[in-house]
Amino acid sequence: MRRFWLLFAQTVTVGLAIYFIFATLKPEWINQMMREAQNTHIASSTVTLQEAPTSMAQTSYRDAAKRAMPSVVNIFTTKESRQPRNPLLEDPFFRRFFGDRFRDEEEKQSSLGSGVVVSPQGYILTNNHVIEAADEIEVALADGRKTTAKIVGTDPDTDLAVIKIDLPNLPAITLGHVELSKVGDVVLAIGNPFGVGQTVTMGIISALGRNHLGINTFENFIQTDAAINPGNSGGALTDSNGHLIGINTAIYSRSGGSQGIGFAIPVSTVKTVMESIIKTGHVVRGWIGVEPQNITTDLAESFGLKKKTGALIAGVLRNGPADKAGIQPGDILLAIENKPIADTTEMLDFIAKLLPGKTTKMTLLRRNQEITLTVTVGKRPNVKRTRNEIDRGIE
């Protein structure tokens, strides 16, 4: 026992001697050891913290944005407007002294929008209202290149247009599958809002199949809360993989800025219109020459209808396809080719897809009796219509 006590005393003595030596010569070593011991004690008595990994790719949409942004272009348009001539300038006496220095002043009006490169051959999709009546169209790519563009064709009924540029190595966007999209899916809106430069905003799909908005003749919009502002028109709406699912075209706003309600034309419609424009320069649609009206609750009661389905024929164009087939104002269109018609939007879409010259059977309700008439579909007139005519839905 005495031996162990002597060994313990000698060990303590040596330890104290070493401590005093280090405390005298290297005091910073002693302080560091004490801090490490204190931190170890605190860490063992508190909640363990985990540091986030340096890569956050799983919660970022950087890859989608990187994939789609090169395909989105800025579009600048200019058009010349002539000011009304002052009658005084027509006076020969006045012009004798002042000559033509006061001739009609011309000023250029400029506007901006966005577009999407859809093929390496230089075809670009945008909105019709972006390039409508433009005298000059300039396209600026994300890589800094600029060039002029020419109009291939337009479709005012869907507010789509195709323009073309001649540059090599164009980054064409990949078309997505909008039919697989659901409400709540993440989407990215890419464009040039207010001319500040290419901008990406994120949101979700708020609704699908929006119509009866009075924006276009044919409506089947994707609604999104991704921030869309003036200048975004014609830009891309992509899925979370950067694939195109729509062309941004309009916003609902009382202030002129984004209020979380934006509308995009789905890529399914875009593809059909684009292919037709590239092939023929315009879109060929069926037409029968009627003015339809939705069935309201009051109309359903007055006609004795059990359901508010179908389209009321409010007017018939004289000598048009419907008139020649015997369709009369007051008839209710129930079905086309035995396919039930829910409302005027569905009716217009169905008729538009019919080939001109084709005969089709239409089921109508006339004085509480169903009748079937054969109509030879005509070609929809390609004319510029007023907003009032669009709202009335003349078909």
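Keep in mind that the model is predicted. Searching the whole structure turns up 5 salt bridges, and D155, D157, R285 and R380 are linked in a network of them. Elsewhere, strand β13 is largely enclosed by the rest of the structure, because 5 of its 5 residues are buried.

**The salt-bridge network**

- Let's start with R285, which forms a salt bridge with D157, the closest N and O atoms sitting 3.8 Å apart. R285 is in the loop between α6 (267-280) and β14 (286-287), while D157 is in the loop between β6 (150-155) and β7 (160-164), so this pair ties together parts that are 128 residues apart in sequence.
- Since R380 lies in the loop between β21 (378-379) and α10 (387-392) and D157 in the loop between β6 and β7, the pair ties together parts that are 223 residues apart in sequence.
- Like D157, R380 is buried.

**Another salt bridge**

- R145 pairs up with D143 in a salt bridge, with 3.0 Å between the closest N and O atoms.
- R145 has a relative accessibility of 25%, so it counts as partly exposed.
- D143 comes in at 49% relative accessibility, so it counts as partly exposed too, given that the exposed class starts over 50%.

**Strand β13 and its neighbours**

- β13 covers residues 262-266. Strand β10 (residues 221-224) pairs with β13 in the antiparallel sense, over 3 bridges.
- Strand β12 (residues 244-251) runs antiparallel to β13 as well, and 5 bridges join the two.
- F263 is a handy residue to look up in β13: it's the bridge partner of Q223, and A250 stands opposite F263.

**Two single residues to look at**

- N128 belongs to helix α5 (residues 128-131). Its relative accessibility is 8%, so N128 counts as buried, the cut-off being under 20%.
- Leaving aside residues up to four places away in sequence, N128 touches T154, P156, D159, L160 and A161.
- K79 is part of strand β1 (residues 72-82). With a relative accessible area of 33%, K79 is partly exposed.
- K79 and A134 are 55 residues apart in sequence, and their C-alpha atoms are 5.0 Å apart in space.

Methods. Residues numbered from 1 in each chain as written. Predicted model: local features only at pLDDT ≥ 70, side-chain atom pairs only at ≥ 80, totals over all residues. Heavy atoms only, no water. Helix = DSSP H or I, 4+ residues; strand = E, 2+ residues; numbered from the N terminus. Buried < 20%, exposed > 50% of the residue type's maximum accessible area, 1.4 Å probe, protein only. Contact = heavy atoms within 4.5 Å. Pairing = 2+ DSSP bridges. Salt bridge = Lys/Arg side-chain N within 4 Å of Asp/Glu carboxyl O.
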